[in-house]
Amino acid sequence: LAKLRDSREGAACTFVVLPRGTSPGVSHYVALHKNKFPIKQKNTIDLAHLEWVGVVDAQRRDRLGDCAGWLDVAKHVVVMDHHVLN
């Protein structure tokens, strides 16, 4: 999602943030491809400049941990999730 956004905007303006850590499978994937992901720690994101938030595989705010407030700050929010709520 970050790469798609960057290619559309024409700049390296997006970053991947993993607010609550990852599952072992995702950790392994990110480790193998870390040079392809612009990953940043959540405490390095300047909320004063936050315009866009993309959420992947998290349908509920509580899944975002202390980054849930970012949804209120961003001008645009995109949610992509293939899981079905029960």
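Let's start with the largest nonpolar core, which has twelve residues: Val17, Ile45, Leu50, Val53, Val55, Ala58, Leu64, Cys67, Ala68, Trp70, Leu71 and Ala74. By nonpolar core I mean buried Ala, Val, Leu, Ile, Met, Phe, Trp, Tyr and Cys residues joined through side-chain atoms within 4.5 Å; buried is under 20% relative accessible area, exposed is over 50%, and partly exposed is in between, with a 1.4 Å probe and protein chains only. Strand S1 (52-56) and helix H3 (70-73) each give two or more residues to this core; helices are DSSP runs of H or I with at least four residues, strands are E runs of at least two, numbered from the N terminus.

Remember, this is a predicted model: local features need pLDDT of at least 70, side-chain atom pairs count only at pLDDT 80 or more, and totals for chains, interfaces and linings use all residues. Residues are numbered from 1 along each chain as its sequence is written, and side-chain values use heavy atoms, with hydrogens and water left out.

On confidence, pLDDT (the predictor's score for each residue, 0 to 100) averages 80 over the protein chain.

Now, salt bridges: a Lys or Arg side-chain nitrogen within 4 Å of an Asp or Glu carboxyl oxygen. There are three. One of them joins Lys42 and Asp66 at 2.9 Å, N to O. Lys42 sits in the loop between helix H2 (24-32) and S1, and Asp66 in the loop between S1 and H3, so the pair ties together parts 24 residues apart in sequence. Lys42 is partly exposed at 32%, while Asp66 is exposed at 57%.
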